[in-house]
Amino acid sequence: MDDDLDQALDAVGPRLRTLRKQRETTLARLSEATGISVSTLSRLESGSRRPTLELLLPLAKAHGVTLDELVDAPPTGDPRIHLRPVTRHGMTMLPLTRRAGGIQAYKLVLAGGSRKEPDPQTHEGYEWLYVLNGRLRLVLGEHDLVLAPGEAAEFDTRVPHWFGPADARAVEFLSLFGQQGERAHLRARPRAADARPEPGGPPTA
């Protein structure tokens with residue numbers, strides 16, 4: 001499993017270079033679009049820097065591909081959708097969407113005790129997190145927060161941010177990531193009982 005993952009990550013650099021060449025763009029223009037420095041982009045393409053989630057998200061967005069296509073494209077000739085989890089350094093990420101553009105959804109599981117030292121990153125975009133199980137530590141700018149199950153956070157990813165388990169237990173959460181200005185909007189239709197007019201009150205529309 002680790003060998004397969006290493007091979008997939010090793011292939012990211014050449015794939016990034018190929019995508020950039022196909023789109024006839026430069027490292028400088030890609031840097032402007034993603035907020036990632038030219039030197040970091042160059043090291044990613046050459047394989048001298050290992051890709052991280054914080055770097056791959058804006059790159060997938062800039063190239064108009066999904067994250068699992070960027071990391072490990074499914075075999076050709078098979079029309080079925082393969083949503084494959086990617087595990088690295090105690091983090092397991094499962095893409096829940098495959099369409100390029102728009103808001104991308106992911107389920108992430110962080111092993112207890114992983115990612116102990118905060119290393120805040122910045123990039124273009126907007127992110128929404130929802131904790132399913134465990135407790136998530138979120139470092140966002142000057143804030144150091146702990147989110148419990150059922151709690152959510154949304155933020156501009158141009159603000160330095162980092163997340164990891166808040167304690168020795170694993171944490172499971174959902175992440176929605178979109179372009180700058182794209183936010184998660186939740187709509188709920190009232191239940192029939194809630195829509196009934198109060199006695200003596202006007203009827204509801």
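Helix 2 passes helix 5 in a left-handed crossing, meaning that the near helix is turned anticlockwise from the far one by less than a right angle. The structure is a predicted model, in which local features need pLDDT of at least 70 and side-chain atom pairs count only at pLDDT 80 or more, while totals for chains, interfaces and linings use all residues. Residues are numbered from 1 along each chain as its sequence is written, and side-chain values use heavy atoms, with hydrogens and water left out.

**How the two helices meet**
- Helix 2 covers residues 12-22 and helix 5 covers residues 53-63; they pack at an angle of about 30°, and their axes are 11 Å apart. Axes here are lines fitted to C-alpha atoms, for helices over the stretch in contact, and angles run from 0 to 180 degrees between N-to-C directions.
- The two helices, helix 2 and helix 5, are therefore roughly parallel, a term for angles under 35 degrees.
- From helix 2, Val12, Leu16, Leu19 and Arg20 meet Leu56, Leu59 and His63 of helix 5. The residues of this contact divide into five nonpolar, one polar and one charged. Contact means heavy atoms within 4.5 Å.

**Helix 5 and what follows**
- Helix 5 is mostly covered, with 10 of its 11 residues buried (buried is under 20% relative accessible area, exposed is over 50%, and partly exposed is in between, with a 1.4 Å probe and protein chains only).
- Among the buried residues of helix 5 are Leu53, Glu54, Pro58 and Lys61.

**The chain as a whole**
- Seven helices and nine strands make up the secondary structure of the chain. Helices (H or I, at least four residues) and strands (E, at least two) are DSSP runs, numbered from the N terminus.
- Of the 205 residues in the chain, 36% are buried.
- Among contacts in the chain with a separation of 6 or more, 63% are between residues 24 or more positions apart.
- The chain exposes about 11800 Å², and carbon and sulfur atoms supply 51% of it; accessible areas come from the Shrake-Rupley method with a 1.4 Å probe.

**A look at Ala148**
- Ala148 lies in the loop between strand 6 (143-147) and strand 7 (152-156).
- With a relative accessible area of 28%, Ala148 is partly exposed.
- Ala148 and Arg135 are 13 residues apart in sequence, yet their C-alpha atoms are 4.8 Å apart in space.
- Leaving aside neighbours within four places in sequence, Ala148 is in contact with Val131 and Gly134.

Conventions
Parallel < 35°, antiparallel > 145°, perpendicular 65-115°, else oblique. Nonpolar A, V, L, I, M, F, W, Y, C, P; charged D, E, K, R; others polar.
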